[in-house]
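Please go through the packing of this chain with the structure open beside the text.

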Amino acid sequence: MCGIVGYVGNQEAVPFLLEGLRRLEYRGYDSAGVAVLNEDGLAVRKRIGRIANLAELLREAPVAGRVGISHTRWATHGGVTDDNAHPHTDQSGALALVHNGVIENHGALREALARDGHVFRSQTDTEVLAHLVGKHFQAVRGGAGGVAVSAAQLEEAVRSALSQVVGTYGIAVVHSDLPRVIVGARRGSPLVLGIGKGEHFLASDVGAIARHTREVVYLKDFDVAVVTPDGFELSTLNGGLSGYEIKAVEIQEKDVDKGDYPHFMLKEIFEQPETIRDAMRGRLSREEASPKLGGLNMTNAELRTVERVVLTGCGTAFHAAMVGELLIEQLGHIPAEVEFASEFRYRNLPLPKDVLVFALSQSGETADTLAAVRESQRKGHRTLGICNNVASTIARESDGGVYMHAGTEIGVAATKSFTSQCTVLTLIAFLKGRIRHLSSAEGLRMIDELEALPDKVREILKLSDQIREVARKYSHVQSMMFLGRQFNYPVALEGALKMKEISYIHASGHPSAELKHGIIALITPELPSVFIAPEDSVFEKNLSNIEEVRARKGPVIGIGSEGSRRLEQICDDVILIPRCPDYLSPILNAIPLQLLAYHTAVALGCDVDKPRNLAKSVTVE
């Protein structure tokens with residue numbers, strides 16, 4: 001969750017570190033800090049709050065130096081305090097370390113170090129790791145017989161310390177006696193090495209350094225990197241050689257900039273006509289009346305042998321997986337089920353041998369989803385990824401998959417990634433249907449509908465001002481309900497999640513038909529209900545549920561099909577969007593709910609892109 005940026009080169013480090021942290025602030029914004037090396041030794045500055053607070057501190061107490069590491073924190077162990085902010089130093093005060101991840105055995109390690117006389121200033125697991133590396137570094141130096149300190153000694157100390165660690169980490173380490181060296185390592189938390197001329201970078205996400213490098217190396221689990229201005233060396237935790245591949249940086253400056261939009265979230269909502277089209281680009285064959293998904297690494301014959309599909313993800317990706325379950329069953333005629341990735345590896349899920357597992361993760365680094373991938377593969381199941389980052393761990397470790405091509409998503413509340421995931425899942429379900437029972441004529445009709453989606457999304461985006469007025473009308477409420485049926489029950493859950501995430505209004509999602517089975521007790525004139533009620537096979541049923549709410553004086557916001565007069569007659573407010581087949585309705589219906597949550601949060605003065613207590617990429621369990 002936390003963000004790491006490191007710089008070693010011939011320029012002042014602090015400007016690079018602050019710029020990188022600002023680009024990573026979506027990963028955590030409880031506190032931030034830097035550690036810089038110069039001729040006077042190690043200088044550490046850290047402060048709670050946003051990066052702006054750290055920048056103010058550095059204006060008050062500037063530091064100079066051409067080597068530095070930095071961190072923006074999402075708190076796990078210990079509260080939000082200056083002492084708990086990263087970087088952390090070791091017992092000597094000469095070594096500094098930043099960390100993304102969780103050290104699960106930090107309690108036992110802390111006790112052992114305390115018995116050796118170590119004194120801790122924070123409640124964090126990271127400070128324990130800093131002390132542990134420092135202890136091993138002193139041991140290595142003590143046994144060197146007075147030989148000058150070397151980068152190899154710090155590397156050995158990092159290896160020795162990490163061999164005692166249980167948990168996940170992406171770390172960067174500096175020492176005042178090695179003013180031209182950063183040592184980095186990863187296990188379970190992403191770390192990327194940026195290559196420059198006379199300078200190199202480390203970061204949790206390539207977006208932090210994309211402005212300064214066009215070539216990167218994505219570290220693999222158990223990689224250890226020694227980085228200097230002139231080069232780098234990669235090895236494994238056990239000291240062996242680590243193969244690596246230098247890759248071009250694909251994202252551009254505009255991908256990590258808001259442009260003319262007030263928030264990243266709004267920019268990403270308005271990018272959806274393009275991101276949905278990009279998810280389909282090159283994947284629809286009119287000649288075959290079918291999708292073509294070579295990344296699955298499965299022939300049509302192999303796909304036909306699949307007897308069951310399991311989809312897994314967290315948060316918004318879980319809601320997309322729920323849509324995928326319905327798509328695969330309706331279009332592909334294959335049994336499907338959805339599992340929370342956070343529970344997947346802890347369940348003894350009985351699965352047949354001919355099962356196919358899909359793992360959904362926007363970042364491709366979600367810790368729970370990565371653990372589900374590894375557990376699925378451990379049990380011998382073919383496991384495919386649906387990711388947005390082609391260099392991510394899930395993309396690399398899965399047996400194949402489909403890239404979303406949605407571009408960088410910086411807003412903490414997922415928007416374009418949801419509709420891209422739903423689009424990809426529609427292609428997968430469509431392909432399964434074509435190799436089983438759908439005719440070529442039906443296939444061509446589906447292609448027509450899919451290709452019409454981007455223009456329909458553009459029509460919905462034109463309703464933003466209308467939706468803003470609806471949002472202002474209800475922004476004073478304490479709670480909201482979101483209801484839908486069939487394909488739109490997952491959309492109700494997603495709409496409720498968006499409202500909770502960024503406006504802090506309590507919201508819950510329910511199947512419309514469950515209203516009378518208990519939920520109706522909550523209906524009051526102060527609690528608005530949002531019904532997702534397109535004119536589909538259950539439209540009449542949704543109308544009946546709306547009438548039940550109206551009879552109890554509950555206000556209703558209806559999301560329906562354009563021209564739906566009956567919905568207009570019984571709802572207090574309606575948002576009517578273009579018609580589409582029911583299997584595509586989650587993609588279109590999600591967008592007005594995204595805008596409703598966005599405009600509500602803006603009306604309340606909330607920090608839309610950085611909602612409290614949240615971070616973008618959940619790389620800790």
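Helix axes are lines fitted to C-alpha atoms over the stretch in contact, and the angle between two of them runs from 0 to 180 degrees between N-to-C directions. The model is a predicted one.

With that in hand, take helix H14 (residues 440–461) and H19, which pack with their axes 10 Å apart and at an angle of about 25°. Angles under 35 degrees count as roughly parallel, so H14 is roughly parallel to H19. Their crossing is right-handed. On the H14 side the contact is made by Leu 453, Lys 456, Val 457, Ile 460 and Leu 461. H19 contributes Ile 587, Leu 588, Ile 591, Pro 592 and Leu 595 to this contact.

A second pair is formed by helix H9 (residues 316–332) and helix H13 (residues 416–434), whose axes lie 8 Å apart at an angle of about 20°. By the same cut-off of 35 degrees, H9 is therefore roughly parallel to H13. H9 passes H13 in a right-handed crossing. The residues of H9 that meet H13 include Ala 321, Gly 324, Leu 327, Ile 328 and Leu 331. Among their counterparts in H13 are Phe 418, Cys 422, Leu 425, Ala 429 and Phe 430.

In soluble globular proteins, nonpolar side chains tend to be buried together. The largest nonpolar core here has 90 residues, and those with the most contacts inside it are Leu 311, Phe 358, Leu 360 and Phe 482. Which helix gives the most to this core? Helix H19 (residues 585–603) does, with ten residues. Another core lies apart from this one and has 35 residues, including Phe 16, Ile 51, Leu 58 and Ile 251.

Is Asn 589 buried or exposed? Its relative accessible area is 3%, and buried means under 20%, so Asn 589 is buried. Its side chain is joined to that of Asn 488 by a polar contact of 3.0 Å. Beyond four places in sequence, Asn 589 is in contact with Asn 488, Val 491, Ile 532, Pro 534, Ile 559 and Ile 577.

Ser 398 lies between helix H12 (393–397) and strand S21 (401–403), and with a relative accessible area of 12% it is buried. A polar atom of the Ser 398 side chain lies 2.9 Å from the backbone oxygen of Ile 394. The Ser 398 side chain also reaches the backbone oxygen of Gly 400, at 3.2 Å. Leaving aside neighbours within four places, Ser 398 is in contact with Gln 377, Thr 383, Leu 384 and Gly 385.

Pro 190 lies in the loop between strand S8 (182–187) and strand S9 (192–195). Pro 190 is buried, with a relative accessible area of 7%. Pro 190 and Gly 101 are 89 residues apart along the chain, and their C-alpha atoms are separated by 9.4 Å.

Key:
Residues are numbered from 1 along each chain as its sequence is written. This is a predicted model: local features need pLDDT of at least 70, side-chain atom pairs count only at pLDDT 80 or more; totals for chains, interfaces and linings use all residues. Side-chain values use heavy atoms; hydrogens and water are left out. Helices (H or I, at least four residues) and strands (E, at least two) are DSSP runs, numbered from the N terminus. Buried means under 20% relative accessible area, exposed over 50%, partly exposed in between (1.4 Å probe, protein chains only). A polar contact is a pair of N or O atoms within 3.5 Å; within protein, one must be able to donate a hydrogen and the other to accept it, and residues adjacent in sequence count only if both atoms are side-chain atoms. Contact means heavy atoms within 4.5 Å. A nonpolar core is a set of buried Ala, Val, Leu, Ile, Met, Phe, Trp, Tyr and Cys residues joined through side-chain atoms within 4.5 Å. Angles under 35 degrees count as roughly parallel, over 145 as roughly antiparallel, 65 to 115 as roughly perpendicular and the rest as oblique. A crossing is left-handed if the near helix is turned anticlockwise from the far one by less than a right angle, and right-handed if clockwise.
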